[in-house]
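Colleague: I'm new to this one and would like a close look at a single part of it. Could you walk me through the salt bridges?

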Amino acid sequence: MEFSRLLTDKQGAIRFRSSRIRALGASLNQLVAQALRDGTPVADLARITHLSALAVRRTGRAFDDLQPTGLAAAEHLSAISHLLRKLTALEDSKAAVVTERLHLLAEASKRQILDEFQLASLTGLRPEQIKKMTRGVAAQPRRNFTDHRATG
């Protein structure tokens, strides 16, 4: 069924984005730790990452085996800033797909296209989660299937 495939595609897109977010988060932590190792001030790192100074220091301690690279603080801050932009864009993209999935779930539930157990099977969510999530959510007007696929 086409609707099942749409939900499966959305779930796959969410998983892919989640995986990339984790990978970029790990890279960000390593960049922060390397910047600390190379002498970039904690306050500058806290400001650019929106983390507390304590969190920045904790991140630095997690990578105690890094060797100095000799890069200037400005170079580290630029690289971190670039990675943060990529991470933010990816998080926004994931949030959009999650919202689309929510509306698909609401539509499937309200129109009784699939029951909660079928929806749970397709999404990895529990049936009671689906009921709770979709309560009060309006099913979006049926769009062309290619519109759904374009953001998947």
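Which side chain does Lys10 meet in a salt bridge?

Modeller: Keep in mind that this is a predicted model. The side chain of Lys10 meets that of Glu100, with N to O at 2.6 Å. This pair ties together distant parts of the chain, since Lys10 sits in helix H1 and Glu100 in helix H4, 90 residues apart. Both Lys10 and Glu100 are buried.

Another one joins Arg47 and Asp44, whose closest N and O atoms are 3.9 Å apart. Arg47 and Asp44 are three residues apart in helix H2, so about one helical turn separates them. Arg47 counts as exposed because its relative accessibility is 54%, over the 50% cut-off. Asp44, with a relative accessible area of 25%, is partly exposed.

Other residues of H2 are tucked away: Val42, Leu45, Ala46, Ile48 and Thr49 are buried. These buried residues pack against helices H1, H3 and H4. Just after H2 comes His50, which takes a positive phi of about 65°.

Back to the bridges. Glu107 pairs with Arg111, and their closest N and O atoms are 2.8 Å apart. Glu107 has 4% relative accessibility, so it counts as buried.

Definitions and conventions:
Residues numbered from 1 in each chain as written. Predicted model: local features only at pLDDT ≥ 70, side-chain atom pairs only at ≥ 80, totals over all residues. Heavy atoms only, no water. Buried < 20%, exposed > 50% of the residue type's maximum accessible area, 1.4 Å probe, protein only. Helix = DSSP H or I, 4+ residues; strand = E, 2+ residues; numbered from the N terminus. Contact = heavy atoms within 4.5 Å. Salt bridge = Lys/Arg side-chain N within 4 Å of Asp/Glu carboxyl O.
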